[in-house]
Structures are given as C-alpha cells and as structure tokens.
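Visitor: Walk me through this one, please. Keep it brisk.

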Amino acid sequence: MKILKNRSLNNLNPMEFPLLPLREMVIFPQMSKTFYVGRKDSIEAVQLAASQYDNQIFIITQKDSNIENPNLNDIFEIGTLSEIKKITTGPDKKIIKITITGLERAKIKDFYDENIIKKVILEKLKSKPLQDTLESETILNYLVKDFKKYINLTKIPFESIKQISESKDEDMLINSIIQHLKTTIEKKIELLSETDPIKRLTILDKIITDNIDMLYLEKKINFEVRKKIDKSQKEYYLNEQIKEIQKELGQLTDDDFYTEENLLKKLEALKTPEYAKEKALKELRRLNKIPALSPEAGVIRTYIDCILELPWGNILEESNDLNRAKKILNEEHYSLKKVKNRILEYLAVRQLNKMTKGPILCFVGPPGTGKTSLGKSVAHAVGKEFIRISLGGVRDEAEIRGHRRTYLGALPGKIIQSMKKISSNNPVFLLDEIDKMSSDFRGDPSSALLEVLDPEQNNQFVDHYLEIPYNLSNVMFITTANSKQGIPYPLLDRMEIINISSYTEIEKLNIAKKFLLQKEQLENGLTNIDIKISNACLIEIIRSYTMEAGVRSLQRQIATICRKIAKNIVLHKKEIKSIVITKRNLEKFLGKKKFIQPEIDKVLDIGVSHGLAWSEFGGSILPIEVVLYPGTGKINLTGKIGDVMQESAHAAFSYIRANADLFNIKYNNFYKDYDVHIHFPEGAIPKDGPSAGIAITCGILSALTKVPVNAIIAMTGEITLTGKVLAVGGLLEKTIAALKHRKEKIIIPFENQNDILEFPKNIKDRIEFIYVKKALEVIILTFNEKIFKNKVERKKASLPQEYNKKNQIKGNIKDKIISDKLNTIIENNNIITQ
C-alpha cells in the first residue's frame with residue numbers, strides 16, 4: 001500500500017471511494033446498520049459519497065477508538081464497501097444519522113488525502129470456493145449444531161433465523177450469523193479478512209462456542225445469586241420463628257452482636273464507666289422485649305451503637321517534648337510568639353502535673369491571621385488528635401446538646417458526634433467562629449457552651465440524646481473569633497483570650513517566602529520550577545494588590561502568579577527550570593494595581609483631622625471633616641456612624657464650648673449662630689466606637705480657629721466632657737495604618753502605654769508614640785501657637801516642644817507626665833478639667 005499525491009476529482013478511479021472510519025464497530029456484507037456520524041471529515045466523506053460515488057462508501061474500523069483524527073496507521077486495512085440507504089440530520093444539526101448496508105469485502109490498495117476528505121483505492125477481497133469434501137461437511141455440521149444450541153439459549157428474532165436458513169453460500173451464512181454474536185474487534189477483523197472458507201468457518205464456530213460458554217457462565221452466576229438470596233430469606237424466616245418460640249418459653253435472646261455477654265465485652269474494652277454500662281444493658285433488655293421490625297428497635301440499636309462508638313476511657317499518650325513542640329510550631333507558623341509560649345507553658349505544666357485539666361483558649365483576631373490552622377499545629381505539637389466544628393450561623397441549642405430521643409430522627413449534638421469520629425477522649429477540639437453564633441426561639445447555643453467550656457463542669461457534660469454524663473475534662477478546647485464583641489460575657493469569662501493582631505508588612509513578607517509560595521507551587525504542580533519573587537516585589541504585592549489584616553488575599557495573588565506560569569508552560573509546551581518575578585514584570589501576572597498608595601498631605605485643610613479606626617479586617621486612617629455655616633447651633637453628623645460615635649462627637653463639641661475662652665475662635669456665638677457639620681468620608685462603610693473622640697475635638701477646633709492640624713500626626717482616644725482621654729483598642733492595626741500614610745507621630749491615651757510593649761521592634765522604631773491624659777495636651781501637640789487667644793497662651797503653647805525634647809524618644813515607651821507649668825495653664829484659665 002502506498003500514499004498517492006492529490007489529484008483532480010474529475011479523474012476518478014472506478015475503485016476509488018470515500019473512507020469512513022468507525023469506532024468499536026465492524027461492518028460485514030449483507031449487514032444493515034444505523035448510526036450517527038459526527039466528525040467533520042466523516043460527515044464530508046458521507047456527503048461526497050452521496051453526491052459523486054452513487055452512495056457507495058468504504059467503511060473501516062479504527063484500532064484505537066480514542067483517536068479523534070485517525071491516520072493510515074490507526075485503521076485496519078480490511079473493511080466493507082457499503083451502500084448508504086438513508087441520510088437524516090441529527091438532533092443538534094451538527095451530526096447526521098445514516099443507514100448503510102454492507103456490499104462486499106475489500107482492502108485498501110492505495111491511500112491519499114485530498115481536500116482533507118480521506119479517500120482510498122480499493123482491492124476487492126474474494127473468497128476461495130468451498131470444496132465439497134468431508135472436512136468442509138464436518139465443519140458445517142458442527143457449525144449448524146453449535147448455532148442451534150446458541151439459539152436455544154438466546155432470543156434471536158424469527159426473521160433473523162429465517163434469513164440465516166435461506167443463505168445460498170457459506171459467505172452469506174457467515175455474514176448472517178456473525179451479526180448476532182459477541183466477540184472482540186480483532187476476532188471480527190480476522191473473520192472479515194480471511195479468504196480460506198474452511199478457516200472462516202472454523203473461526204466462526206470458535207466464536208459461537210465462546211458465546212455459548214459465556215451464556216452458561218451467566219446462567220450459573222445468576223443461579224448462585226438467586227440461591228443465596230433465597231437462603232437468606234429462609235434463614236430470616238426461621239430465625240423469626242425461633243424468636244417467637246423462645247419468647248413463649250421466656251428465653252429472650254437477640255443476635256450475637258446484641259447479647260449481654262458481647263455487649264459487656266465491648267463496654268469493658270472501651271473502659272466505659274459503670275453508669276454507662278448500666279444504661280447500655282438496660283436499653284439492650286428493652287430491645288429484646290420488642291419486635292425486631294418495630295421502629296423503636298431501630299432507635300434503641302442506634303443508641304447502643306452511639307455508646308459503643310464513643311472513646312470513653314481511651315487516653316492517647318501526648319508528647320511532652322518541649323523542644324519538638326517548639327520546632328513544629330515554628331515550622332508551621334511564623335511569629336505568633338504569645339500563642340506558642342502559651343502552648344509550651346501547658347506542656348511544661350503537664351510534665352509536672354499529669355492531672356491538670358486541658359486549657360480553654362480563645363484566639364481572637366482578624367480573618368486570615370492563621371487562627372484555625374494554628375489549632376491544627378497545636379494538635380500536631382502536643383501529639384493529639386484534632387477535630388473541628390464550625391459554629392458560624394448555629395442558632396439552635398440542640399446543635400450543641402443534641403435532641404432528646406423522643407423526637408423522630410434525633411441525633412447527638414455536634415460535640416458528641418465529633419467525639420465519635422476519633423479514637424481518644426483527649427483530643428484538641430477547635431470550636432471555629434464562636435462569635436458568629438446567634439439565638440432564636442429554639443434556644444441559645446452560647447448558653448449550652450457554658451457547660452462545655454467550664455473546666456469545673458465539663459467532666460459531667462450531658463447530651464440530651466446520650467442522657468448520661470460524658471467526661472470532656474481531658475479535651476483541650478480552642479475557640480476562634482474575629483471579635484470579642486459577639487461573644488456573651490459569661491462565655492468569654494470561661495476562656496483565656498489570646499489576641500492575634502494583624503500582620504505587619506515584614507511578617508507578611510516572611511510568611512509569603514517561607515510558607516505561601518511553597519504551598520502554591522505544590523498546589524499548582526510547579527515544585528520542579530524555581531520561582532523567585534524578590535522582596536521588593538512581595539512588598540509591592542502586599543501594598544498594591546492586597547488590603548487586609550491577614551494573608552488570605554496575599555495567598556490568592558501568589559496563586560494567581562503560579563497559575564499564569566502553569567498556563568504558559570502548558571500552552572507553549574516549554575520546559576522552564578526557573579522564573580524570576582520582579583516589580584517590572586509583576587503587572588503581566590497580576591494586572592493593574594488594585595490599591596493606589598494614598599497621597600500624603602503635607603498640610604491639612606482647615607477643619608480636617610486624621611483619627612485612626614480599627615475593624616476585624618485591620619486598621620485604617622479615619623479622616624474627619626468639619627465645616628461651620630450660619631444656622632441655629634445644630635450639630636449635623638454624616639458618614640453612616642453609630643450611636644456611640646454620635647455621642648462622642650457631641651461630647652467633643654461640649655468640651656470645646658465649655659473651654660471656648662481659652663482658644664482664638666473666629667466665630668462669635670458659634671454655639672447658637674452657626675451650625676456645625678461633621679462628616680466622616682467613605683459614607684458607605686459603617687463606623688462606630690468612641691476612639692475618634694480626640695480627633696473630632698481637633699477637627700472642630702481647627703474649623704473654629706481656622707488653624708490647620710499638624711499633618712504628620714494621627715490620633716486615637718476617647719474624650720470625656722471633662723477632657724480626659726480614655727484607653728482604646730486595636731492599637732497595632734491603627735499603627736500599621738498610620739505608617740502606610742507616612743505619619744510620624746501617633747497620639748494615644750496614657751492608659752495604653754503597656755500595649756506598645758508587645759509591638760514588633762520594627763514598628764516601634766518607625767513611629768513616635770505620644771501618651772496623653774488630657775485633651776489639652778492633644779491640642780497643644782497638634783496645633784501651633786495661633787490656637788490660643790493672647791501672647792501668654794502662645795508662650796505656654798510652646799511647652800510641648802521642650803517637653804518632647806526631654807521626654808520623647810522615637811520608638812521608645814516613656815511615661816509622659818504633664819508638667820507643672822501645664823497645670824498652671826489649666827488653673828489660670830479655669831479650664832473645666834480635673
């Protein structure tokens with residue numbers, strides 16, 4: 001066989017026909033078949049046969065049905081020249097349905113490809129005539145005998161049997177019989193290609209014999225299956241009769257699993273307490289007194305199974321190796337020293353006192369800071385099993401305590417169900433999103449947790465379904481929350497709170513390099529490629545493509561880079577050993593920047609001050625804008641603020657009004673002839689809390705005196721009517737936000753000075769913290785001397801500069817005490833403060 005060059009369609013060879021390759025199908029002469037044609041080349045071949053070849057087409061079989069576009073090596077040489085009887089459009093108009101009838105066998109002589117439609121030159125395959133010999137007669141007799149046996153085992157239509165009996169020669173006989181037999185493609189091709197009639201009949205007889213053997217095997221398998229089913233039904237019927245007889249005799253038994261002896265063995269192996277054994281045996285006796293098919297029997301069996309599935313007394317030996325635990329915690333999480341130290345303290349205590357109860361810790365921090373994964377690491381470090389349940393959206397008390405068994409479909413609560421999944425009763429148990437629970441008419445799940453999370457009570461925890469106490473005192477409970485505000489105080493009081501603050505840029509950088517990049521390389525199948533992302537590039541991703549307290553968004557951006565690399569490798573089929581991501585090519589992977597760095601105001605507008613805000617998603621600058629206009633002394637507040645923030649604004653205005661004589665206010669009778677409008681930009685974002693008090697005070701005072709606030713200072717602190725500055729929360733997040741906006745100083749309440757001790761050194765070194773007790777200190781620090789009425793006040797206003805030189809060192813925590821001269825200012829001007 002050879003491949004010919006393309007030639008004109010006008011010069012057709014009489015033995016040239018379009019080629020139609022089929023999958024998993026062999027066509028024989030005299031065989032009629034209907035099938036769908038969907039491949040483009042095949043549809044064009046059918047259309048060509050219908051238009052130019054008198055509906056004749058050469059049908060051949062593929063060697064591998066998975067090949068979409070077969071070539072010369074993918075098809076068998078032998079096929080059948082067939083006639084297309086009918087062509088109709090398929091259901092979706094992209095395929096066609098054809099009916100063909102096989103005419104005669106043929107083989108490919110020459111092969112060429114013309115206009116994508118494959119066509120071949122054929123050579124007809126002629127069988128040798130069957131000689132009238134003893135051998136041929138014997139084979140035919142065996143063939144007819146075996147086929148009759150096959151007919152008796154199957155349901156071949158009468159018309160087909162009649163057609164076979166009317167066969168004029170051996171070829172017609174073979175072609176008629178093979179249509180009703182099951183065999184492999186290779187066997188059919190062998191039968192189709194053979195020209196020796198004796199060999200063809202022998203091959204066909206072997207196929208018939210194989211089909212008969214297969215039918216006998218199927219019948220045997222069906223008989224065995226039916227026999228087993230009948231046997232099990234018989235055994236069930238006899239067992240039920242025996243039970244009824246024994247009930248009449250007073251001899252109550254159950255199947256082997258539920259005998260008292262076997263149940264006791266299982267309970268002893270589980271080290272079950274006596275009260276649990278008595279309860280299980282009592283339920284077993286009830287089970288034996290009721291019919292096996294009673295609905296109550298199923299409830300009791302499920303209850304006994306629940307008792308047997310709980311790890312009552314199996315305590316897993318935990319690891320007390322502090323060095324190993326420290327190594328695991330450091331390998332799996334970066335930073336978080338406070339949490340790690342608390343775990344090491346627990347292990348140290350366990351070495352000294354084996355009977356100590358498991359701690360109940362609560363990790364509180366923004367999303368994405370590793371609270372949940374930290375729970376897994378704790379379990380790994382102490383060598384315990386780990387289980388986790390999510391409490392987000394739980395509002396039914398029964399989710400914790402379970403349902404009473406009187407209810408249909410009753411189940412244990414989440415605590416007991418989770419304990420059933422493990423093999424020890426001293427795991428690390430993570431209660432995720434404990435601040436997201438709610439309550440309704442079905443009860444308060446947080447109240448149900450009071451017993452679970454109380455070390456003095458949880459050794460007798462009673463689930464409504466179980467109805468007997470279960471000891472949870474060996475469990476190490478860890479809970480997570482984004483904010484303490486959503487946790488009821490009685491529940492909060494039972495837990496040891498460990499605050500997990502937002503990550504700094506340096507911490508995010510190290511987490512990305514040591515953990516996230518390796519994880520995403522493994523996730524995206526790039527472990528054999530050296531992906532290098534420079535530190536400057538990672539910082540750019542953190543600043544320009546993410547805005548979060550944790551690292552989830554950072555992980556998604558790194559995952560995006562890995563996916564782009566994977567796509568390029570697969571699309572261009574390139575082998576890449578290493579790739580470097582820099583700030584120059586970063587936009588090719590992540591697109592345009594999502595967050596533009598804020599512009600730094602060198603001078604703030606009149607009436608504008610910068611406070612600091614904090615939420616569970618991190619910290620941010622809180623700009624406050626104040627304007628005055630003629631009116632009746634009203635205070636207008638806008639910016640979607642809460643009640644507490646509104647009260648804080650009123651308190652700030654009242655403080656300024658009470659001390660108005662001290663300041664150089666440009667508006668006479670401002671409190672009755674002018675309206676004050678205080679606006680908090682980004683009005684779609686809800687805001688609340690008292691920490692903006694001193695910032696609101698400075699904003700109002702700036703508008704009244706027309707003196708701008710110092711642009712390098714941000715501030716946070718609650719203000720009282722008497723001018724005291726009270727403590728606030730979220731200082732680390734607020735400090736990070738101030739650094740992003742390039743603030744040089746932060747004014748914070750004096751009571752918060754101890755919070756700064758836990759800040760990372762690189763944070764403390766980059767910004768100056770100023771501690772204040774009184775609102776007047778804030779005013780002196782944030783305004784110039786023009787804020788006061790006369791020269792005396794201007795001279796006194798210079799005091800904070802001397803005070804800063806002597807007592808403030810950037811990044812260090814020092815007690816800021818109001819000088820005696822400042823007290824003199826307060827006394828001489830009768831400022832309402834104490």
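Guide: First, some terms. Two strands pair if DSSP finds at least two bridges between them. Strands (E, at least two residues) and helices (H or I, at least four) are DSSP runs, numbered from the N terminus. This is a predicted model: local features need pLDDT of at least 70, side-chain atom pairs count only at pLDDT 80 or more, and totals for chains, interfaces and linings use all residues. Residues are numbered from 1 along each chain as its sequence is written, and side-chain values use heavy atoms, with hydrogens and water left out.

Visitor: How many helices and strands does the chain have?
Guide: There are 29 helices and 25 strands.

Visitor: And how much of the chain counts as buried?
Guide: Of its 834 residues, 47% are buried. Buried means under 20% relative accessible area, exposed over 50%, and partly exposed in between (1.4 Å probe, protein chains only).

Visitor: What about contacts between residues at least 6 apart in sequence?
Guide: Of those contacts in the chain, 74% join residues at least 24 apart. A contact means heavy atoms within 4.5 Å.

Visitor: How many of the residues of strand 13 are buried?
Guide: 6 of the 6, so strand 13 is largely enclosed by the rest of the structure. Met476, Ile478 and Thr480 point one way, while Phe477, Thr479 and Ala481 point the other.

Visitor: How many bridges join strand 10 to strand 13?
Guide: Strand 10 (residues 428–432) runs parallel to strand 13, with 4 bridges. Phe429 stands opposite Phe477 there. Strand 8 also pairs with strand 13 in the parallel sense, over 5 bridges. Val364 has Ala481 of strand 13 as its bridge partner.

Visitor: And strand 8 with strand 14, how many bridges?
Guide: Strand 8 (residues 360–364) and strand 14 pair over 4 bridges, parallel again. Leu361 has Glu496 of strand 14 as its bridge partner.

Visitor: What does Phe386 touch?
Guide: Leaving out residues up to four places away in sequence, Phe386 touches Gly375, Lys376, Ala379, Val428 and Leu430. Val428 is 42 residues away along the chain, yet the two C-alpha atoms are separated by 5.0 Å.

Visitor: Switching to helices. At what angle do the axes of helix 17 and helix 18 cross?
Guide: Helix 17 (residues 505–523) and helix 18 (residues 535–544) cross at roughly 115 degrees, and their axes come within 10 Å. Helix 17 contributes Glu505, Lys508, Leu509, Ala512 and Lys513 to the contact, and helix 18 contributes Asn535, Leu538, Ile539, Ile542 and Arg543.

Visitor: And helix 21, how far does it reach?
Guide: Helix 21 (residues 643–658) has 16 residues and reaches 23 Å from its first C-alpha to its last, close to the expected 22 Å. The expected span is 1.5 Å times one less than the number of residues. Its buried residues include Met645, Phe653 and Tyr655.

Visitor: Last one. Where is Asn585?
Guide: Asn585 is in the loop between strand 16 (578–581) and helix 20 (586–590). Its relative accessible area is 18%, which means it is buried.

Visitor: What does the side chain of Asn585 reach at 2.7 Å?
Guide: The backbone nitrogen of Thr582. The side chain of Asn585 also reaches the backbone oxygen of Val580 at 3.1 Å.

How values were computed: A polar contact is a pair of N or O atoms within 3.5 Å; within protein, one must be able to donate a hydrogen and the other to accept it, and residues adjacent in sequence count only if both atoms are side-chain atoms. Axes are lines fitted to C-alpha atoms, for helices over the stretch in contact, and angles run from 0 to 180 degrees between N-to-C directions.
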